[in-house]
Amino acid sequence: MSKNESSRGAVRERKEKVLTSLQNLGERIYRQIIAGEFPWIKMPSRSINNILYDQKLRQYILGNRSVRRSSRNIRHIRPLTQLIWTAMFVNDLTRQSKTSTLRDVFYSAQAYEMSFTDQQESDNLITDLETVIGYSREDFNVFPEERSAIFGDLTIEYTIPGYEGRRLNLTSHPDGMMIGPALTGAEFIDCKADKVIAIEKGGLFTRFIEERVHIKHKALLVHTAGQAPRATRSFLRRLNQELGLPVYIFTDGDPWGMHIAMVIISGSANAAHLRDLNTPDAKWFGVWASDIVEYKLPSDKLTELDIKRLHELRKDPRYEGKIWSREIETFMRIKKKAEQEAFSRYGLTYIVDEYLPAKLEMADSY
Amino acid sequence: MPKPPSETTPHPHGIDIETLKRMIEATDSKTMKEFMKKHFQRVGEKIARRFLEFADVGIKKNPKRLTQDEIVRLVNALKNYDGFLPPDASCLSPLGKDLLKTGIKKELNPEFVAVHQRKPAAYSGFPFIVEVGVAYGGGILKTDGILLYRFANRIPLLFDEASDISYKVVNELMNWRHYKVTPETPIAVFIHICSLKIPYKTVGKEFIADRPEVEHEILNALREVARQLALFLSRKHHMERERRRLDVFSKYLPKIASFSAKLANREKIPDVKKLLGSIAKYVEE
């Protein structure tokens, strides 16, 4: 596993880059003050009309427009101070290898008489900081609350304090291991799997473990718990990039499930200021609208909201691909949707024994 | 105490027909010129001559022999002729700007006072003087409207405020917004009318009638003090805004300095005094 070996240290290396980036921000501001200048920063604008879809990167990116925040401007000085405080705060966090939630950040600020008026304001500041230094908040140890999990034959080594050097095989616990800060910061040591399957729903994730899909298909199973959190998206990307594993995505057969897959593949417009969160080569293999017809799945009627969502997706540049536009049209035609669990109609094991192998094969061919 | 007023003859402007007839009845002048000079204030040789010419009444005419037609012509001319001198106010006893100002300060202890005294004017031959004051802040509490204090010949008028000419001027004719006064601005207005005969509307002597001459004087006096108030208010707002600005900068700049030093791993916190100084300088301007 030479590939795995080369990936070791990737986590530490990234941390170093994040810290340097934060320190540079401090240094820049510091020098501006020394030079008798009102401190200011410049960052790409995140307004809607500066969010563009990049065909080559296959994700949303920010355009050339930028905004300047100067402490000379009375309206900017407070957010600028908050931004620098946030940078200082997460710098300490990251150095001490501690983690924090968005809510923590909100309360910690009050100790410095820097109180944010509401959670929204502090969340925005975190996003600003992401934009300024070009790393996502998980990289500087601010995590949202998550319920996402992973199960499979992958051995990791912790880097967080108190656990440094300890190893764990991710089959150790049959409920799966939570993809939290500790796992996000872990190095990959050894992997026996040859693919990753991301699953939208917890029920099916458990079924796959019970049916030993991780052995039968040599797969790492990831539970996205609905829309995949960013930490999970970047974890999937690492599995894909560092270990070279193909990633397959299995969601409900409706516009929302489709979009969960799309966000893993192409990222979201909200994260246009960030890179390395998406897995462009990941494949969505179901449940497709055409599966509903082909497998005669029990289905529900699409609601008005579903139809409206389909119309939105139709206009979305990320959905220009052949499979995607075909499935959108099929949904529109049959006006039906089906859940992942719908396969239970043919017995509990059908999905693993019949559907999964067939679809994995098909996914490789497109 | 102000000096006591002296006795005087009526001002010619606005004398009505009844009064004129009564004066003619009582006079011992033999010519119209003498009549004008003797019975009206501030009318001398020259003005009497010009006025009679304007009224088309002979200067040698005996007042007792005026025809009805000529009397009517005289009354109209008295109203329309603009060559009369302003009325003689020596018969009046206004408060004077200083006393008015002192009084307002004593009663309300306001943040700002402006007072103004109009030049004497006349209605129906009675000279009158309007004095006004406007006060802002201090002991003046925020109320729904503008606090109005009315005085007539130094006597406060207490009742039926809404029927008074002053009320109309203050609440309807004045465009306060133009003077940076909003409904929330705590201001008080003082209006003193002193005259030989206050134009009360009723025998109760509680409020002053809608006389165009009086209205005009009050409005102009009020505009004068309101201009001064507007100047004060805009200066005050400007200072407040600048002070708030400076507060914001003094709160955040030192924080930026200390946070960035910590972030850059520097021991010494950079000095922001110079930056703050450049803003403070702006405040003084």
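**View 1. Helix α5 of chain B and the residue that follows it.** Just after α5(B), Asn109(B) takes a positive phi of about 45°, in a predicted model in which local features need pLDDT of at least 70, side-chain atom pairs count only at pLDDT 80 or more, and totals for chains, interfaces and linings use all residues. Residues are numbered from 1 along each chain as its sequence is written, while chains are lettered from A and ligands numbered from 1 in the order in which they are written. Helices (H or I, at least four residues) and strands (E, at least two) are DSSP runs, numbered from the N terminus.

View 2. The buried residues of α5(B) are Leu100(B), Ile104(B) and Leu108(B), and because they fall within an arc of 35° when seen down the helix axis, they line one face of the helix. The arc is that of the directions from the helix axis to the C-beta atoms. An α-helix has 3.6 residues a turn, so residues three or four places apart point the same way. On the other side of α5(B), Asp98(B) and Lys106(B) are exposed. Here a residue is buried if 20 or more other C-beta atoms lie within 10 Å of its own, exposed if 12 or fewer, and partly exposed in between, with C-beta atoms placed from the backbone. The cover over the buried residues of α5(B) includes β1 (112-117), β3 (126-136) and β6 (187-195) of chain B.

**View 3. The side of chain B that touches chain A.** In this view, 20 residues of chain B are in contact with 23 residues of chain A, two residues being in contact if their C-beta atoms, placed from the backbone, lie within 7 Å. Both α7 (212-263) and α8 (273-284) of chain B supply at least two residues each to the side of chain B that touches chain A, and the largest share of that side, 13 residues, comes from α7(B). By class, the side of chain B that touches chain A has 13 nonpolar, 2 polar and 5 charged residues, where Ala, Val, Leu, Ile, Met, Phe, Trp, Tyr, Cys and Pro count as nonpolar, Asp, Glu, Lys and Arg as charged, and the others, Gly among them, as polar.

**View 4. Strand β8 of chain A between its pairing partners.** Strand β8 (residues 154-157) of chain A has a covered face, with Leu154(A) and Ile156(A), and an uncovered one, with Thr155(A) and Glu157(A). In a regular strand the side chains alternate between the two faces of the sheet. Strands β8(A) and β11(A) (residues 187-191) run antiparallel and are joined by 4 bridges, with Asp190(A) as the bridge partner of Thr155(A). Strand β9 (residues 167-169) of chain A also runs antiparallel to β8(A), through 3 bridges, and in β9(A) the partner of Glu157(A) is Arg167(A). Two strands pair if DSSP finds at least two bridges between them.

View 5. In chain A, 6 strands form an open sheet in the order β10-β7-β13-β12-β14-β15, with mixed pairing; the edge strands, each pairing on one side only, are β10 (177-178) and β15 (283-286). Strand β14 (residues 247-250) of chain A runs parallel to β15(A), with 3 bridges between them, and Tyr248(A) stands opposite Lys283(A) in β15(A). Helix α14 (residues 350-365) of chain A packs on the sheet, touching β14 and β15 of chain A, and its direction makes about 145° with that of β15(A). Axes are lines fitted to C-alpha atoms, for helices over the stretch in contact, and angles run from 0 to 180 degrees between N-to-C directions.

**View 6. Backbone geometry in three loops of chain A.** Most residues other than glycine have a negative phi, and most peptide bonds are trans. A cis peptide bond, with omega of about 0°, joins Gly286(A) and Val287(A), and Val287(A) lies in the loop between β15 and α11 (289-294) of chain A. Ser97(A), in the loop between α3 (74-95) and β5 (100-101) of chain A, has a positive phi near 50°, and Ser97(A) is partly exposed, with 15 other C-beta atoms within 10 Å. Phi of Ala225(A) is likewise positive, near 50°; Ala225(A) is placed in the loop between β13 (219-223) and α9 (230-242) of chain A, and is partly exposed, with 19 other C-beta atoms within 10 Å.
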